[in-house]
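Student: Please take me through one part of this model in detail. I would like to look closely at a single side chain and the packing around it.

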Amino acid sequence: MHRPEKAFWFPARDGRRSRPGLARRVAAAIVAGPAIAVAASACGAPPPGAEAACHAPSSGAAKHAPQVKVLTQAADNGNGDIFIAPQGCGGYATGPEILSAAGQVLWFHALPAGEAATDFRTQTYQGRPVLTWFQGQGLSGTDYIYNDRYQQIAEVRAGHGYLTDFHEFLITPWNTALILADAVGTANLTSMGGPADQKVFDGIVQEIDIRTGQVLFQWNSADHVPYRDSHNPRPASAAAPWDWFHINAVHLDTDGNLLINSRFTWTTYKVNLHTGKIIWELGGKQSTFKLKAAPGQVLDSAGEIFAYQHDPEAIGNGEYTFFDDESDGSTTLLSHSRVVTVKLDLTARVATLVKSVDQPEGLVAPAEGNAQTTRNGDLFVGWGALPYISEFSPSGHLLFNAEFPAGVSTYRAYRLPWHPAS
C-alpha cells in the first residue's frame, strides 16, 4: 500500500465535526506498526517525527549536522547563504542549518532526539529580518520566529483545534502567517462509486495573527474541490483515511491572492484571500487552462505540465515556477523530476510550459522539493527526498550542486542573504 509523504502528520481532530476521539484513533492507527519503515523507504527520508525510529542515538540527541559534499562549486553571485533543515537516517542531528556557498556550516540548531525541522528560511517580520521554521515531534509541531541574534521572539500554531502542518510557514507583508493543517472528515462518495462514509483528510489553509494567534481566514479543500478530482486511489476500507487532496503549499500571487497546491489532484489553485473562491485552476482534471509545451519542452505521459508537484511560486509577468516531482513513489509519469516555468495567458486561457530544469543526476524525487528564484534570477532547488541541492543560471546552466550523506535530505532549501547581529 502506498503511504503518502506525510503519513505521520495527520491531525488528531475532525475540524468539521466534534469527533476528536475518532480522529485520534484513526491517526494512531496510521502511525502504529510498520508505517515508519514504509514511509521512510517510500520517500527516501522519513517525514518529521519519524527520525527517532530511524536513527535514535543511544545517548541523547546527535549534536553534529550532516556535511554536504559539493559536487559543483557555487558561483560567487551574492545570492547569500544556503538554508536547509536536514533530516533522515545515519545518526546525524536534525535541525535548521545555514551553510556557506562553499558548503561549510555557519550555524546549526540541533534539535532533541525525535524532533525535526522543515521550511527553514529567512523572512521579514515587523520590518526586521528573521529566521523561521517548523519544528515538531510525532503529531504535534510549532512554527518559530527567531531574530537576528538567534533568539526566539514568536511562535505560531494552527487555530480552531487543528494541529500545525509541517509544509508551510509563510509570513505575509502585512505581518500575518499563512500555515497549513489537515481535517479528518467523512465523505459521501456514492456519486463516484465509493462508500457513503469514507474517512478523508481535507486540506486546510489558515491565516493567523502572529501576535494574538487569532484565525483571520480559513479555507477547506472539501468546500471548494470535488473529491473526484483526486488522482490518489481510495483505500480498500472506508474506515482507512483517504489522503485525496494532500495540501503542501500556500503562497501569495503577485496580486496578494493565494496559490494553494494539491499534490494528489495535480493542481495549483488561485484563491481569493477574502472570499475563498477559486479564481483559476492550473493542471488536474478541471484545469482552467489548455496546457501546451513550447518548442523544446515536453509534457508528461498524462499530458500534464506537472504531477505530484510542490511549491508554486509567482515570479511576475504571468509566469510561475513549480517543483515537478512527477512521482509519488509508486506512480511515475516522467523519467526524472524537474523545475518547470509556466506562462499563463489569462485571456486565451492557455498555460505554456516555457522552460524546465532537470534533476542533474536524472533522478525522480518521490516526495517534497522546492525551487526558489533568487534575487539575481538564478534558480535554487532543493530536490526533496533526493539528497541533493542545486543552483542554475537563468539559462539552465548548473552553477552549484551538492549532495547529502546517504539517507539524508531536506524538505526545502533556499539561498538567501543573512546578516546576523554582531
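Tutor: Take Trp219. Leaving aside residues up to four places away in sequence, Trp219 touches Gly203, Ile204, Val205, His224, Val225, Phe245, Ile260, Val271, Gly276 and Ile278. Keep in mind that this is a predicted model.

Another core lies apart, with 17 residues. Among its members are Val130, Tyr162, Phe169 and Ile204. Ile204 is also one of the residues that Trp219 touches.

Now the core around Trp219. The largest nonpolar core has 23 residues. Trp219 is among those with the most contacts inside it, along with Val205, Tyr227, Leu258 and Ile260.

Strand S11 gives the largest share, 3 residues.

Step back to the whole chain. The chain has 3 helices and 28 strands. Of its 422 residues, 57% are buried. Among contacts with a separation of 6 or more, 57% join residues 24 or more positions apart.

Finally, confidence. Mean pLDDT for the chain is 87, and 85% of the residues reach 70 or more. Over residues 6–59, pLDDT stays under 50. The model has 126 contacts beyond four places in sequence for that stretch.

Technical notes. Residues are numbered from 1 along each chain as its sequence is written. This is a predicted model: local features need pLDDT of at least 70, side-chain atom pairs count only at pLDDT 80 or more; totals for chains, interfaces and linings use all residues. Side-chain values use heavy atoms; hydrogens and water are left out. A nonpolar core is a set of buried Ala, Val, Leu, Ile, Met, Phe, Trp, Tyr and Cys residues joined through side-chain atoms within 4.5 Å. Buried means under 20% relative accessible area, exposed over 50%, partly exposed in between (1.4 Å probe, protein chains only). Helices (H or I, at least four residues) and strands (E, at least two) are DSSP runs, numbered from the N terminus. Contact means heavy atoms within 4.5 Å. pLDDT is the predictor's confidence in each residue, from 0 to 100.
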